[in-house]
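Here is a friendly walk through a two-chain model, meant to be read with the viewer open. Please load the structure, and we will go from a few residues out to the whole chains.

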Amino acid sequence: MSGASPGEAASASEAEPTAASKSSDPPPPPLLEPSTRGRFAVTVALFASVLTLLVTTCSGLGYARDEGFYFEAARAYGKWFELFVSDRATALQRPATDAAFGVNHEHPALIKSLFALSNLGLERKWHVFDEPGTSFRFPAMVLAALLIASVYRWGERRFGRAAGLVGALSLLFAPRFFYHAHLACFDVPIAAMFFFTVLAYSRAVSTEGSYWPLVTGLLFGLSLDTKHNSWFLPFVVLTHLVVLGTNAWLRRERVWPSIHRSAMTLVSMALVGPIVVFVLWPWLWHDTLTRVADYARFHLQHEYYNMELFGRTYWEPPMPRSYAWVMTLATVPIVTLVAGAIGAARSLFTAAKQTRAREPLEHGGEPLLWGIAVLVCYAPWLRDSTPIFGGTKHWMTAYPFLALFVASGFEASILATRKLVAALRNGWFAYVVALVVLAPSVRESLHAHPWGLGAYTPLVGGTPGAASLGLNRSFWGYNTGAVVDYLNREVPEGGRVYIHDTAWPSWEMLQEDGRLRPDIRAVSAVSSADFALYHHEQHMQGEEYQAWVAFGTVRPDLVRGLDGVPTISVYRRSSAGTR
Amino acid sequence: MKRLGRLPLVALAAALPVVAMFELVATFVVPAPEAAMYEPLESVVAPIYQPGDLVVMSPRWAEPNARAVLGDHVMRLEDLARSDARRYPRAIEISLDGARSSELAAFHEKAAREVGPFTVRELENPSPERVLYDFLDHVDPEDLSVSGSEPSERCRFTTHGEVLSGGLGGNPTFPRRRFQCSGGAFFGVGVTVIADEDFLPRRCIFAHPTEHGARVLRFEHVPLGERIVGHLGMYTIIERVRGAPIELEVSVDGERLATIRHEDGEGWKRFDVPLGAHGGASSATVELGVRSPDYVDRHFCFEATVR
């Protein structure tokens, strides 16, 4: 997907495309002068480094609620894969497919299939990981690493190596993205698949032949089989088609030659996409139309869960239309937002200038495509009926495109510096600035780990400031992973723990991993527990009060969280005994 | 643009490094004290604490850290789950980073001292409301009898009731000490804590209405002041379910003084019943009747005081 054609290599060396470099001065050197081999080596090194970082930091992270459900689904899928190998005819029968793929059928099968295959191969066969949970998480981490590498490649192709690195690593070290990149969930995988599809589409627009339109259709199918955010991909392509057509019309050129590649790709997506999702999601093999309708209905009429914004918990429409923007401002590092804003403004300025001059859009309208992708990903939250319970993860598909604008903004900054100070024209200066620009994001992400959902930037005063503002500091009950040391030490043999928002399979995975003593029993009511976990979330506070009354104390035995902000408390019954 | 000269270029060149440096420094500055840094508070707050004081942590999100250090003696459940602060003559406010409790705005500062990042203030209420009788303190068989009207029944008091907690969408914890009526644990009457519409804790008497007639709580030997003041409602998650209204009938020595109606959406609703001619009596019988036209999902809870 990221292989470079000779034409691209040429464009890479033209790494500064816009106004900033147009002067009578001799052109400054590009931010790097990459060879094809060097470019490939950096991409691979980046992929490997990111994957290594994610794998080595995941064992401190407890299991999110949804991961537990996907573990169950993946285990069911795994049994089906084993049956498929041993008895293909039986496996393809409806009872077998329904039994396996009926589990968690409200989400498509691709990523859960990868979780299952990873667990079967890397864990059960080859014992690659210390903890079984990591084997389920691994495919999502691979996709995260591929996404970072792909963002780098696209950014590097347009803005040079240093800028590409800044864009890609700004994405990785956006604290919420960094958290989600560890999980056996679909949010980072769909961000990756969404990006890959748009990337393939951009290639389809800028090349000839049927190869890239077909690849785009294939990737769209894989996206459809990943998560329902993929439903917005046709809107991205369609809007881009309209932009290209409008630009041609304004230039008084024939419209069709400008849009026929987009149209062809749209047709490919419409034809190939559904076939791919049908083939790879056995749940759809029977009662297809009914099940597709059920799937669509589930998400279009999704129930509302609770989410806090500015001290108020929203649980039914109207939802606050400002939610997505506020949370983006509060959780994406400030320098990333500023660089992204510079990059986006630069693209808009260039597009406006080219339109006025009746010139074709730069790079076939690629920066506008990124902008369209960002806006389409945020668009659902312009409606006050769109649920907001997922925090930032639901529009995280926009972040890779924001990262490309970050690369653009970074390049603009470097070019401006070089125009001012000729002595800074050597390539290494850009890397020094890159380190400075990336430092806050790296610091915020690593500091927040493993409390990623509680991470807020200094714009709102960090996590304490966000708590004072009444912004949500946790959901999904994953923080249990941060108190296993206490539970292992304090809970008596066979002791009972109320696990609150942690899903049962998520709790069981901690035990299967060996992180949590196997004799500790989970219970579903605080009144029958010796110890009670409480994951701090505004709408769940009633459960903390239930613990007060049941245990006869308001004194938590343990409080932990990020930067002094309580995120998980543990209550202990006075008669619980000790280990 | 020309008039600005090189300024745009300088701004563009400097923006990212400057913002990055500012943000990096800020990430080291913003953190609040970790839980362990609350420990010195114990040696400061415990000596100045007097029984009956209200201890408040500001901002409220930091309260678990304070509770972990100060414990149940200083941060009592009764005070944490209060319905209002007007009754308290004194308060101790532990303030972090300048945060103040609006609930204590009318209190006067008597003393203050810095303890690490905290300010500990001793505050005095210039006009505390004197509470003559708190019904929550008298949910025991010496002072209270609980009955149902249709069918007629007298509920028995137990100190060994099964403690039950309902989780996110369920009942508040049913306490061990309660009056148990027919129909199961939901039809017990005892003191618990619910979360109100702002998810604040409210200590109250749980008294689920009956299918027919009324649940009647009869308090004997109640000293009367000028009025009965209280709040009523239910756990906010349950209130979302939307059900029938609930009524609390207040009678003194057989005379019905008020019927307070609670509709879903009203949250933790305050009521104030003047005692009229009964005011000032040294001992009276106060009957509180709970009824609803449809008792399903009516996890009713109330608190009341004589003032």
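## A loop residue and its surroundings

Phe199(B) sits in the loop between E10 and strand E11 (201-207) of chain B; helices (H or I, at least four residues) and strands (E, at least two) are DSSP runs, numbered from the N terminus. Before going on, please note that this is a predicted model, in which local features need pLDDT of at least 70, side-chain atom pairs count only at pLDDT 80 or more, and totals for chains, interfaces and linings use all residues. Residues are numbered from 1 along each chain as its sequence is written, chains are lettered from A and ligands numbered from 1 in the order in which they are written, and side-chain values use heavy atoms, with hydrogens and water left out.

Phe199(B) is not a glycine, yet its phi is positive, about 65 degrees. Is Phe199(B) buried or exposed? With a relative accessibility of 4%, Phe199(B) counts as buried; the cut-offs are under 20% relative accessible area for buried, over 50% for exposed, and partly exposed in between (1.4 Å probe, protein chains only).

Asp253(B) also has a positive phi without being a glycine, here near 45 degrees. The loop that holds Asp253(B) runs between strand E14 (246-252) and strand E15 (255-262) of chain B. Asp253(B) is partly exposed, because its relative accessibility is 46%.

Two cis peptide bonds are worth a look as well. One joins Glu150(B) and Pro151(B), with omega about -5 degrees, and Pro151(B) lies in the loop between strand E6 (144-148) and strand E7 (153-154) of chain B. Another runs from His449(A) to Pro450(A), with omega near 10 degrees; Pro450(A) belongs to the loop between helix H19 (427-448) and helix H20 (462-469) of chain A.

## Two strand residues

Val193(B) is part of strand E10 (residues 188-195) of chain B. Its relative accessible area is 2%, so Val193(B) is buried. Setting aside neighbours within four places in sequence, Val193(B) has contacts, among them Tyr545(A) and Val549(A) in chain A and Leu77(B), Ala81(B) and Pro172(B) in chain B. Contact here means heavy atoms within 4.5 Å. Between the C-alpha atoms of Val193(B) and Pro128(B), 65 residues apart along the chain, the separation is 24 Å.

Arg227(B) belongs to strand E13 (residues 227-234) of chain B and is partly exposed, with a relative accessible area of 21%. Beyond four places in sequence, the contacts of Arg227(B) include Glu129(B), Asp272(B) and Arg307(B).

## A covered helix in chain A

In helix H15 (residues 323-331) of chain A, 7 of the 9 residues are buried, leaving the helix mostly covered. Tyr323(A), Val326(A) and Met327(A) are among those buried residues. Their cover includes helix H9 (175-180), strand E1 (307-309) and helix H16 (334-356) of chain A.

## The chains and where they meet

Chain A has 23 helices and 7 strands, and chain B has 5 helices and 18 strands. For chain B, the radius of gyration is 25 Å, well over the 19 Å that the globule rule gives for 307 residues, so chain B is more spread out than a compact globule. That radius is taken over C-alpha atoms, and the rule is 2.2 Å times the number of residues to the power 0.38. Chain A, with 579 residues, has 25 Å, which agrees with the value near 25 Å for a compact globule.

| Chain | Buried residues | C-alpha box along principal axes |
| Chain B | 54% of 307 residues | roughly 90 × 45 × 40 Å |

The contact between the chains takes 60 residues from chain A and 59 residues from chain B. About 4,700 Å² is buried between chain A and chain B, and carbon and sulfur atoms give 67% of that. On the chain A side, Leu420(A), Tyr545(A) and Gln546(A) lose the most area to chain B, together 13% of what that side buries. Buried area is the accessible area (1.4 Å probe) that two parts lose on being put together, summed over both.
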